[in-house]
Amino acid sequence: MMAQTRTETLIEEIQNLKAQHNAVILAHNYEPGPIQDIADFLGDSLALARWAQKSSADVLIMAGVYFMAETASILCPDKTVLIPDKEAGCSLADTITEEQLLKWKQEYPDAVVVSYVNTSASIKALSDYCCTSANAVKVVEAIDPNRDILFLPDFFLGSHVIRMTGRKNIHLWHGECHVHAAIENETMLKKVHQNPGAELLIHPECGCTTRALAIPPKEAHGLVLSTDGMLSYARNSEARTFIVATEVGLLHRLRKENPDKEFIAAHDEAACPYMNMISLEKIRDALRYGRYEVKVPSATREKALIPLERMVAVV
């Protein structure tokens, strides 16, 4: 009998510890392949939030970034939420502070605040609605068309919402995800020209969205989709080749679910350093030592729960 590899040993340890602690692993679509492969639930921020609520586990291991663990803690106060690396933050969430949002709200005292889920718990607590890239348009469409909206923090997602809804009273915060913002027009267009007829799947956080949608249909069929939207579309499309403009971790799942199709990164270097901080060793240690627990204070949780429940309710 051959000896187990280091990876096989780690996976066995993780499975034993999960059973011991009644734990599940929730992994985001941008996590590295080995993390996706051992996850009990895999999805985008909205899907993970919904799975966290449905799970009967006592312990939730959030293989993602810090705001996702906070979201799980807000939605599941009776569960223990652990993040394997407490430094796994989010450059987009860091683009707005409580003080900045309070000042912005003073400028538009009657506005409705819609916060992307990629924000801290304290920002959510100051918001009226949360949304994800999957349901941002639907959330905004559910708001009185006569009310001003403060949409934060992602400028590019907000621009997509304006384009889709036609609303003129949406005010945008100028934040961005540094990974998606770095997906350059010229790099993307070069991939399109190298693969004529390919379908182009673009995440709305990308700065190249407007340029991508202007590509003639005969060159590429461009679609703006969330990560779960990309997965669903790729499964059902008759196309054989796709150019994917988002964090490259998603390509692992796309290729695994569609082995007969080709998926090409619009930008090969679009890797989130925070998502890649999670490892099998850190997941094992989180289970073994109960670290690092994320617990949102009750006062913040009570306020943040309202916009999050509104987000989860939108289908």
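**Exercise 1.** Is Trp-104 buried or exposed?

Solution. The model is predicted, so local features need pLDDT of at least 70 and side-chain atom pairs count only at pLDDT 80 or more, while totals for chains, interfaces and linings use all residues. Residues are numbered from 1 along each chain as its sequence is written, and side-chain values use heavy atoms, with hydrogens and water left out. Buried means under 20% relative accessible area, exposed over 50%, and partly exposed in between (1.4 Å probe, protein chains only). Trp-104 has a relative accessible area of 8% and is therefore buried.

**Exercise 2.** Classify the aromatic pair of Trp-104 and Trp-173.

Solution. Rings of Phe, Tyr and Trp (its six-membered ring) pair if their centres lie within 6.5 Å; planes under 30 degrees apart count as stacked, over 60 as edge-to-face and the rest as tilted. The count by this rule is four aromatic pairs. For Trp-104 and Trp-173 the centres are 5.2 Å apart and the planes make 55 degrees, which is tilted. Trp-104 is in helix 5 (residues 98-107) and Trp-173 in the loop between strand 8 (170-172) and helix 9 (178-181), so the pair ties together parts 69 residues apart in sequence. Helices (H or I, at least four residues) and strands (E, at least two) are DSSP runs, numbered from the N terminus. Trp-173 is buried, at 17%.

**Exercise 3.** Classify the aromatic pair of Phe-242 and Phe-263.

Solution. With 5.1 Å centre to centre and 15 degrees between the planes, Phe-242 and Phe-263 are stacked. Phe-242 belongs to strand 11 (residues 241-245) and Phe-263 to strand 12 (residues 262-265). Phe-242 is buried, at 0% relative accessible area, and Phe-263 is buried, at 3%.
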